[in-house]
Every structure is written in structure tokens, then in C-alpha cells.
Amino acid sequence: MKKIVRSPGSATIINAIATGFGSAFGIGLDIICEAKPLHDSINCSNDVGADTSLMELCVEKVFNHYNIDKGEFGIDIKTKSKLPMASGLSSSSASSNAIVKATSLVICDEFDLKPLNDLEIINMAIDASLDAGVTITGSFDDATASYFGGAVVTDNRNRQFIIKEKMEDYPILVYMPNFYSKSGDSNPERMKLLAPLVETAFGFAKQKEYFKALTLNGLIYSATLGFDSAIAIDALEVGAVASGLSGTGSSFVAVVNNDCIDDVEEAWSKYEGNVIRTKVDNDGCIEI
């Protein structure tokens, strides 16, 4: 029986690369995974022409968990994405979450087995992302913000929650420049130079002052990675509640009120690229 799973991306509050502690929140741009059983092969495809290695790793980890013989049972996985790739919006985490969950649902339905629990899905998805080299820290913050929606504050090294809660339903604007920045290609040693400043930003996140944390984190990482911090400051100048670089770029996000959406979009129109309108996502990774 066919299973369809929807998994949202996330935006950065605190990038965990410098300190191992992170924070993120779900956004309404998502990946849809459709999975159905086959006789004896694993077929993976996506609508963005991306390499399917991560997809295949996700499926194989679920097969291994259930001791499924790929010679006797197979699965067809297809994903459709509204998330820009390699942009700092957790496209890898969203894809991994959706694929692991959908594969598990198909196998459990086919063989009447016990479904994976939430953290088993998340950890399997993280392990696949680490094996594929698309993440530096394992991105427990991004993965859990994608899976559960809302805001999370996390200890990425130990894969533990500090805070997990729903977030107020703000509109979100995403500025996407005309280039991409893969997390796995970033220089973690350079980012760790500013760890004391990131710790200050993380202090705000632990106090649930997410918008102060997001803005400060964004300014710190923009300086470290060579992005133009004026993009975030332009958004703040015309009324954004918070704005900053997401992940290791290349996207910037702005948390806004309804009365300044147009003003922020206009302020960003002078930069090459495009602006996407979305909102906070509190639903997370769900079967649809």
C-alpha cells in the first residue's frame, strides 16, 4: 500500500557548528515523500535532479533495522520539494525524515511489524545524513524542528532536547540568492573561532528569546562565512521582528508581522535572487 509523508524544512535560530548546541524552528516549505512496495529493488527519485545517495542510505537503514532482504522485497521512493536545496533550510533533514518514516510505514504495513518511534526515525535519518556527508554536526536541531515542528533548543552532540515547544504562528520571509552553499562544504574550524559569541546568542535561545538569538546568531555567522549582514539589517530596519542567516547559508530568513511583510519584501528586492513567503510550521513530519 502506498504511503505519503510530508516533512517541513526549518530555519536556524542558533547554528550548532561552533559549540555543539543549536536551535531551529519549523517552516512551511516542505518535502513530500511517496513510498510504495516493489518486488525486489530499491528505486529512488526526486523532482529536483539531486543525487539519490542520501535517499538510498535512508531506505537501507530502515531495511537493516527490520532485517528486510532487498532481494525479496523492494520499495519505490519519490520526493517532491518546495524547499530550496543547499540553502540552509534543512532540505536534507526534511528529506531524510520523510523517507525514513515513509519506508517504515510501508514495511510495517507489508509485514505487520512495529512502527519506528519518533526518535528512532530521527536518529536513523541523522545517521544517514552523516554517512552521506551532508551535515557537519548531525543537525539534531534541524532534524527535530523538521520532525516535530515548532521551536527546539538542543544539545546536538548528545542528541538531547533542552526545549521543545510550539511557536507563535508568525509569517516568515526567506531571501534566496542566486547561489547555493552546502553545509558539508563549510569550514567548521573557522566557525568555532567565534564560539564565545555564539554562546551568548545561545543564552538567549535557552531563555526562549528566540528572536534575539536568531538575529545575533545570523550576524555572527554572516561575518564568519562572508555573507552580507546588511540583508538582515535591511529587514530589521523596516520592521522585521528578527532576521538572520539560516544554517551556513545561502538563505536569510525574516520573522515578520503582517503589517511589514511588503516592506521587508521590498527592502530585499534590491538583491539578486528571490523572496519566498511562508510561515512557522507547528505540524512537523506527518503522514498525509
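## Notes on a predicted model

1. Thr-19 sits in the loop between strand E1 (3–14) and strand E2 (helices, H or I with at least four residues, and strands, E with at least two, are DSSP runs numbered from the N terminus). Leaving aside neighbours within four places in sequence, Thr-19 is in contact with Arg-157, Ala-195, Val-198 and Glu-199 (contact means heavy atoms within 4.5 Å). Thr-19 and Asp-155 are 136 residues apart in sequence, yet their C-alpha atoms are 9.3 Å apart in space.

2. A word on how to read this. The model is predicted, so local features need pLDDT of at least 70 and side-chain atom pairs count only at pLDDT 80 or more, while totals for chains, interfaces and linings use all residues. Residues are numbered from 1 along each chain as its sequence is written, and side-chain values use heavy atoms, with hydrogens and water left out.

3. Now the whole protein. Its secondary structure comes to nine helices and 11 strands. The radius of gyration is 19 Å, close to the 19 Å that the globule rule gives for 288 residues, so the protein is as compact as a globular protein of that length (the radius is taken over C-alpha atoms, and the rule is 2.2 Å times the number of residues to the power 0.38). Along the principal axes, the C-alpha atoms fill a box of roughly 60 × 35 × 30 Å.

4. How much of the chain is buried? Buried residues make up 55% of the 288 residues. Of the contacts with a separation of 6 or more, 74% are between residues 24 or more positions apart. The protein exposes about 12,200 Å², and carbon and sulfur atoms supply 47% of that area (Shrake-Rupley method, 1.4 Å probe).

5. Next, charge. The protein has 24 positive and 39 negative side chains, and the centres of the two sets lie 2 Å apart. In this count Lys and Arg are positive, Asp and Glu are negative, and His and the chain ends are left out; each charge is placed at NZ of Lys, CZ of Arg, CG of Asp or CD of Glu.

6. How many disulfides does the structure have? A search of the whole structure finds zero (a disulfide is a pair of cysteine sulfur atoms within 2.5 Å). Take Cys-108: the closest cysteine sulfur, in Cys-285, is 14 Å from its own, too far for a bond. Cys-285 is in no disulfide either, as the nearest cysteine sulfur, that of Cys-33, is 9.0 Å away. Cys-108 counts as buried at 9% relative accessibility, and Cys-285 counts as buried at 5%.

7. Ala-24 belongs to strand E2 (residues 21–38) and is buried, with a relative accessible area of 0%. Beyond its neighbours within four places in sequence, Ala-24 has contacts including Ser-10, Ile-13, Asp-141, Ala-145 and Val-152. Ser-246 is 222 residues from Ala-24 in sequence but 9.2 Å from it in space, C-alpha to C-alpha. Val-264 lies in helix H9 (residues 261–268) and counts as buried at 0% relative accessibility. Again leaving aside neighbours within four places, Val-264 is in contact with Leu-173, Ala-235, Val-238, Ala-240, Ala-254 and Val-256.

8. For a contrast, look at Glu-56 in helix H1 (residues 53–65). Glu-56 is partly exposed, with a relative accessible area of 30%. Its C-alpha lies 31 Å from that of Met-191, 135 residues away in sequence.

9. Finally, some backbone details to check. Most residues other than glycine have a negative phi, and most peptide bonds are trans. Ser-90 has a positive phi, near 65°; this residue lies in the loop between strand E4 (74–81) and helix H2 (91–111) and counts as buried at 10% relative accessibility. Arg-159 also has a positive phi, near 50°, and sits in the loop between strand E5 (151–155) and strand E6 (160–165). Arg-159 is partly exposed, at 27%. Which peptide bond is cis, with omega near 10°? The bond runs from Gly-249 to Ser-250, and Ser-250 is in the loop between strand E8 (242–245) and strand E9 (252–255).

Definitions and conventions
Buried < 20%, exposed > 50% of the residue type's maximum accessible area, 1.4 Å probe, protein only.
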